[in-house]
Amino acid sequence: PGGELAILTFAGKDATEEFNMIHPPDVIGKYAPDSCIGMIGGGGGAQVAGGAPSGGSVAGGIPMEEVAKHTSKSDCWVVVAGQVLDVTKFLGEHPGGELAILTFAGRDATEEFNMIHPPDVIGKYAPDAVIGVVGTGAP
């Protein structure tokens, strides 16, 4: 709807701040789910605890069945807006307390998360928590 120029203005640049000001958090998942090709700064696809590749480099994404295995204080994953987050190291830093996150460990917390957080909060406070996107896991 904004036209080519709206996108080309930010070609090769980080448009996160401007994008988040005018789009709801689910817009990419709804209208351009195949446009995400990876995460910036994700590294070379190293394995993380639990066997899932880091940095969103998995073709096919991380299945919810895998996310559901990470439900403890020592190994906690949640899903927000299609992104899989390993929030284990962030639990103690969360202003709302560990329990607020642990309640959704291994599950999709998008609806509840969006009710109380601004769209840029993950990028500002826990950018390293994003380990991939939800998918089938198939190559």
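View 1. At a relative accessibility of 27%, Glu98 counts as partly exposed, because it falls between the limit of under 20% for buried residues and the limit of over 50% for exposed ones. This value, like every other one in these legends, is computed from a predicted model. The side chain of Glu98 meets that of Lys73 in a salt bridge, with 3.0 Å from N to O. The two residues come from distant parts of the chain, since Lys73 sits in the loop between S1 and S2 while Glu98 belongs to helix H5, 25 residues apart. Lys73 is itself exposed, with a relative accessible area of 52%.

**View 2. The salt bridge between Lys69 and Glu66.** Side chains of opposite charge can pair when their charged atoms come close. Here the side chains of Lys69 and Glu66 meet at 3.3 Å, N to O. Lys69 is exposed, with a relative accessible area of 59%, whereas Glu66 is buried, with a relative accessible area of 14%.

**View 3. The salt bridge between Asp120 and Lys124.** The closest N and O atoms of Asp120 and Lys124 are 3.2 Å apart. Asp120 counts as partly exposed, at 28% relative accessibility, and Lys124 is exposed, with a relative accessible area of 57%. A search of the whole structure finds 3 salt bridges.

View 4. Strands of a sheet pair through backbone hydrogen bonds, either parallel or antiparallel. In this sheet the strands follow the order S1-S2-S3-S4, and the pairing is antiparallel. Strand S1 (71–72) and strand S4 (130–133) are the edge strands, each of which pairs on one side only. Between S1 and S2, which run antiparallel, there are 2 bridges, and Ser72 has Asp75 in S2 as its bridge partner.

**View 5. The second largest pocket and its lining.** Rolling a probe the size of a water molecule over the atoms shows where empty space is left. The second largest pocket holds about 470 Å³ of space, and 22 residues line it, with Phe90, His94, Ile101, Phe113 and His117 lying nearest its centre. Strand S2 (75–80), helix H5 (98–102), helix H6 (110–116) and helix H7 (121–125) each supply at least two residues of this lining. Sorted by class, the lining of the second largest pocket consists of 17 nonpolar, 3 polar and 2 charged residues.

Methods
Residues are numbered from 1 along each chain as its sequence is written. This is a predicted model: local features need pLDDT of at least 70, side-chain atom pairs count only at pLDDT 80 or more; totals for chains, interfaces and linings use all residues. Side-chain values use heavy atoms; hydrogens and water are left out. On a 1 Å grid over the protein atoms alone, a cavity is a set of points where a 1.4 Å probe fits but cannot get out, and a pocket is an open set with protein on both sides within 12 Å along at least five of seven lines; lining residues have an atom within 4 Å of a point. Grid points are joined across faces, edges and corners, and a volume is the space filled by probe spheres set on the points. Helices (H or I, at least four residues) and strands (E, at least two) are DSSP runs, numbered from the N terminus. Ala, Val, Leu, Ile, Met, Phe, Trp, Tyr, Cys and Pro count as nonpolar, Asp, Glu, Lys and Arg as charged, and the others, Gly among them, as polar. Two strands pair if DSSP finds at least two bridges between them. A salt bridge is a side-chain nitrogen of Lys or Arg within 4 Å of a carboxyl oxygen of Asp or Glu. Buried means under 20% relative accessible area, exposed over 50%, partly exposed in between (1.4 Å probe, protein chains only).
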